[in-house]
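Let's take a walk through this model, one piece at a time. Have the sequence and the 3D view open as you read.

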Amino acid sequence: GSILGVEVDLPKKSYSTELVGLEESKCIEKIARPQDGGFMKPHIFMLTIPQVDGGTNISIKLRWSQKLLYNDGQFTLTVPFSFPEYVTPAVRKISKKEKIQLNVNSGIVTGILCKATSHPLKETKRHAEKFSFLYESEVLTWSKTDFSFSYSVSSSNMFGGVLLQSPPLYDHDQRDMFCLYLLPGSQKSTEVFKKEVVFVIDITDSMQGRPLESTKNAISSAMSKLCPEDSFNIITFSSETSLFSTSMELASKEAIERATTWLSTKSTVEGSTCISIPLEHAYEMLSNTSGSLPMIFLITDGAVEDERNICDQMKKRLKNSGSLCPRIHTFGIGSFCNHYFLRMLAMIGRGEFDAVCDLDLIDNRIQKLFSNAFSTVLADITVDAFNDHEQIEVYSSCIPDLSFESPLTICGRYEGSFPDTLKAKGVLGDLSSFVMDLKIVRAKDIPLDRVLARQEIDLLTAQAWLSENKQLEQKVAQLSKVTCNISEYTRMVLLEKNKIDKAIESSGAQKVKKTDPHKIKDPLAPRKTLLQSLSVGFGDQTATAKNIRPGFEQPKLPDAAEVFLKATSNCCGQMCNRCCCMCCIQCCSKMNDQCAIVLTQIFTALAFIGCIECCTLCCGQDGQ
């Protein structure tokens, strides 16, 4: 997900966030401490609002976007909606109202089936691809269940389409937008590819402990899912390279047991990180494959100097490899590795990129990466119009493969008229050719610019990093600011507005004696506080060289539970005169009497990308 913004309204003041460019951020004098705003954990955004009077009505509006989960042809939206016991006042039992309004615009006209929901939703509207639901209930205690909603597209076969939309007026790029999507269908009998797999694993000293153990567990699990006709190998690297076998091994039970034993003996070693040599070894092992889909999985927690050169060399090699060339899938651990290098390498290699900063998620996310790749049902995907039409810009330089476990979306821009007909071509698991007609629809009531913003920013940032293109960096910064999506070229600022400070304005404001007009500050202008950087950065070669482990780079923030418990204990019983309000996506604030949550305008677009708006209202002692 991606945090888009927070608005907090108090009787005397209001607070809101906005994104500003890097140059503008340098002019902001007040800088927030890490504990005053930022990511408490990778999935929990925190903002501290100071000096809140006891009994104050606080209105909080949170906005974020997130992708829907996809599994077995079913899309699922999950939104935090469970609240700890301590946010329910113990003084007296007061009836509270929970309300959830859900609007779904799938972008697909027919075949949408609602499957399951965590709360008893009532359907209030249905028209073509649009649905509306409502849940309203009087409760004594807040929900202890996260809100979830799932639906499916009733098609057993692969299908796809294209959504077109004109840009909004605020968009600096006034070319029209398009989004091509492919769905694998629900038919599990679709044949997957025979596989040849090389796992390339970083074992430098920084991987010691959970990162390496989780990686080993995930690889052992992945090898057990290979078919006997598949083949595999393992390469570990630091400053030196070690191979499980000098050649590819068939995935027999005996070979997998030997590989698991060999991998279990591998421990971290001191030394520098060298990615190019093991990557070359892996490519050479797969360069003469035929009748199968070759895959390289690169797993690392470090950054290296020659990353751009690695991308250039791989691009040249893969360009000359013909059809079914080696796929490169990349996985980054922590923030010291360069996520944009790994993303670009995966883009060049028609693979998938993922990364985690939470060490608890390593095993699960790597296995998800393996599972997606192993379930490839359509490879070497091309769209003729993209190559023949000079006015069409596709943000992905190479179209990735389609997996049974994940839909595929490709976005871009175009000038003039879009082709009336479009065909997607590819190779199936049995190596036969496949052609699919794509239905072209002009999207209505879907904010395509905002739905695709996160994907567009990530892809363009990777391209800007590789090409060192300043104009592309400025384009990303502008896109980031207008869509409120965090980027490497913007910073989040907290704006504080004083509602009642009208005295300065009514009395003529500050009497400035012959002062430079550029130095006169508007007394009613909001005060700005620069929050800590929320982006992941471009890696840290110094930390990599020192073998600093992931997770050690960030100042330690208070544990989320401890913060909330401390906050509520400070405001229970007799309300203190002044306290801080901490708003967090995962949890309600700490008012001592009554809280009401209103979740509105949950909008899911394109069936698999969602934009969610959440409005949280915390009421004080008057119970309103």
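How far apart are the end C-alpha atoms of helix 2 (residues 210–224)? They are 21 Å apart, and that agrees with the 21 Å that its 15 residues should span at 1.5 Å a residue; the expected span is 1.5 Å times one less than the number of residues. Before going on, a word on the ground rules: this is a predicted model, where local features need pLDDT of at least 70, side-chain atom pairs count only at pLDDT 80 or more, and totals for chains, interfaces and linings use all residues. Residues are numbered from 1 along each chain as its sequence is written, and side-chain values use heavy atoms, with hydrogens and water left out. Helices (H or I, at least four residues) and strands (E, at least two) are DSSP runs, numbered from the N terminus.

Back to helix 2: its buried residues include Pro211, Leu212, Lys216 and Met223. Buried means under 20% relative accessible area, with a 1.4 Å probe and protein chains only. Among the elements covering them are strand 16 (195–202), helix 3 (253–264) and helix 7 (362–374), with contact meaning heavy atoms within 4.5 Å.

Eight strands make an open, mixed sheet, ordered 24-26-15-14-28-27-23-25; strands count as paired if DSSP finds at least two bridges between them. At the edges sit strand 24 (392–394) and strand 25 (402–403), each pairing on one side only. Strand 15 (residues 176–183) runs antiparallel to strand 26 (residues 408–414), over seven bridges, and methionine 177 has arginine 413 in strand 26 as its bridge partner.

Last stop: threonine 544, in helix 13 (residues 541–545). Threonine 544 is buried, at 6% relative accessible area. Leaving aside residues up to four places away in sequence, threonine 544 touches Thr273, Gly302, Ala303 and Phe336.

Note on methods:
Buried means under 20% relative accessible area, exposed over 50%, partly exposed in between (1.4 Å probe, protein chains only).
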